[in-house]
Amino acid sequence: MAEHIVRAFDADLDALSRGVAELGGLAESMTTRAIEALVRQSPAMANEVIALDAKLDALQQELEEKAVLTIARRQPMAVDLRAVIAAIRVTHDLERIGDLAKNICKRVLAITGLVQAPKLVKGVEHLSQLVLTQLKDVLDAYVERNAEKALAVWEHDENIDALYTSLFRELLTYMMEDPRNIGVCAHLLFCAKNIERMGDHATNVAENVYYLVTGGKLLAERVKADTTSLEKPMSAQ
Amino acid sequence: MVAATQQEAPAPPTRRWRQSAAVGALATTLLIICVLALIGSPVLLPALAGALVTVIAALSRPRAEHKVWAEISSQETVRAGIQAIVSGVADPVVVLDSHGNVTMFNAQAKAALPQLGIGRHLSFAVRSPEVVSAVERVLREGTVAEAEFHEKVPVERSFEVRATPVRFDAASAGPPSASLEIVMLFRDVTAARRLERMRVDFVANASHELRTPLASLYGFIETIEGPAKNDPAAQARFLAIMREQARRMSRLIDDLLSLSRIELKEHVQPTEEVRLDSVLSEVIDTLTPLSLECRTKIEIEGMNRTQVTGDRDELIRVFENLIENAVKYGQSGGRVDVMLVDGERAVSVTVRDYGPGIAPEHLPRLTERFYRVDVADSRQKGGTGLGLALVKHILNRHKARLVVRSELGAGASFEVMFAKPAINEPA
């Protein structure tokens, strides 16, 4: 990016991007730890993540204010304007990811001690790894201003949907096998849904990175592999 | 940088001489103006004042400039020295200025944190909140701060980070905060953390998976000791089953051990060059007896000389697993294709069978440990449920990808893709 005559403008834009990166780091760390709390069944860890959400919200608001001030003071144009707009949008998605991580932790508190077989959470853990990879790649793409990398993230969301569909069926099977599993599996199903939603937010971020770098939009409808909403309920035999 | 300093060293005396010549010229002009002023033209008074200022400035400049110049040159020598020390450290080192912007780093740091760039804030390369707050703490309090940061994807890594505030030019009389810098030392503790976790995982996995064959062994021993005590025909049959169970247990332990070993070094990329075609033909040779037994023909295609960066033994493991699976589970198709393609952006190996195929809901989960599409079928064919997990971890280490495509009734294909390094990528 070319330097501006007012160097404070560059500093403003730089501080904004830096803030988004740090916010992303926080969202990543909250997600990682939420999953760890789920796998290890650790209420202490879950509570730590829940406490972090306030910090994430405060940081997001601070960044949004900074972005508004930048528009008011510098009246950015072209790529600068896109950088500010993208920052506002991306912080929103990251804040939502933090909320979803917090929700997983609340569910960990509810089901601690009730998960009988480790295989129940294994699938959810696998799903989370895919989503964390997406999140890391998209944040790297943001920092590097790399449209190609963002596009790759946008295209890979399909894998997450496919895995979510598979998990949905598996958990349903456990519920039918033994009604005592229903409570735990319902919570796990929501955890899986939350993680899948995080993946959607990561693709939103990817769209914004693409917009920021190229000015274009990723418009074409993505191939949807999540078919659970179309699925007929299996009848108990 | 050092070379540049030596070249410029003789410059100051010349410059000073030239400056004194200028001063002489100016003084002469001044003298003339003075004379003219004395003659009594008040219009010339402002010109006189201006000239005076110029002379004073000219007289004082050479000394000041020389001093600043010397300071810069000594600072640059110091910085070059520091840079040399930083690049000599075996662990990743990053130096930050008083705003947290990166001023120096070594090659190890760049390898661990690819987003590092001179003049950019550290947060662009390390987003971890622990590290961000450690840097803030050092800048605020001026004391050493320590943090630990973990990365879970794409391969797990852990670093211990130590941020130390330093002043490189302690002698300078400037405001102290201006010269404060931070040296960040990253220590890779991935191996140690892995080892801790591996023990826990191993015990958990092993105890869970070994219980079933152990229980059946126990049952047969009891039967041989009791009801079948005098029945040699039944004993022979039971002993055969027991041998099979024992073999399964030992295979399971082997697989668990190799999985742990690979996980331990997953974060270290292999460096040797391997001939992929020779790996494949070796694997196919060892699997020929099995393919004859299963009445499956292994067809090969595109076996030209192709090299990838990798670990030979591990790649043999990968293709052994994939081709063995194809022969075993796709034997109803009677044919397995192995294709090696040296493409523009990637080298790929596809193993395709024409068996019953895999239902779509299983596809994304095949590489999970102990995940089996059909538990009974897998056990009967001697599967441990770890084969594809092993493949995934080895490929992770090679930064290669596994793509599985399948449709029920139409067979399955497993494609391994090794990305070629981009040619015009900036180093």
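Is Arg295(B) buried or exposed? In this predicted model, Arg295(B) has a relative accessibility of 73% and so counts as exposed, the cut-off being over 50%. As for where it sits, Arg295(B) falls in the loop that links helix H8 (276–293) to strand S7 (297–301) of chain B. Its backbone is worth a look too: phi of Arg295(B) is near 55°, a positive value in a residue other than glycine. For context, most residues other than glycine have a negative phi.

Of the 427 residues in chain B, 41% are buried. Taking the contacts in chain B with a separation of 6 or more, 62% come from residues 24 or more positions apart. The accessible surface of the chain amounts to about 23700 Å², and carbon and sulfur atoms contribute 59% of that.

Over in chain A, one helix pair stands to be described. Helix H1 (residues 7–40) of chain A and helix H3 (residues 78–111) of chain A have axes that come within 9 Å and cross at roughly 20°. Angles under 35 degrees count as roughly parallel, so H1(A) and H3(A) are roughly parallel to each other. The crossing of these two helices, H1(A) and H3(A), is left-handed. As for what lines the contact of H1(A) with H3(A), its residues split into 21 nonpolar, four polar and one charged.

Also in chain A, Gly216(A) sits in the segment that follows helix H6 (182–214) of chain A. Leaving aside residues up to four places away in sequence, Gly216(A) touches Tyr210(A) and Tyr211(A).

Key. Residues are numbered from 1 along each chain as its sequence is written. Chains are lettered from A and ligands numbered from 1 in the order in which they are written. This is a predicted model: local features need pLDDT of at least 70, side-chain atom pairs count only at pLDDT 80 or more; totals for chains, interfaces and linings use all residues. Side-chain values use heavy atoms; hydrogens and water are left out. Axes are lines fitted to C-alpha atoms, for helices over the stretch in contact, and angles run from 0 to 180 degrees between N-to-C directions. Helices (H or I, at least four residues) and strands (E, at least two) are DSSP runs, numbered from the N terminus. Angles under 35 degrees count as roughly parallel, over 145 as roughly antiparallel, 65 to 115 as roughly perpendicular and the rest as oblique. A crossing is left-handed if the near helix is turned anticlockwise from the far one by less than a right angle, and right-handed if clockwise. Ala, Val, Leu, Ile, Met, Phe, Trp, Tyr, Cys and Pro count as nonpolar, Asp, Glu, Lys and Arg as charged, and the others, Gly among them, as polar. Buried means under 20% relative accessible area, exposed over 50%, partly exposed in between (1.4 Å probe, protein chains only). Contact means heavy atoms within 4.5 Å. Accessible areas come from the Shrake-Rupley method with a 1.4 Å probe; for residues, only the protein chains shown count as cover.
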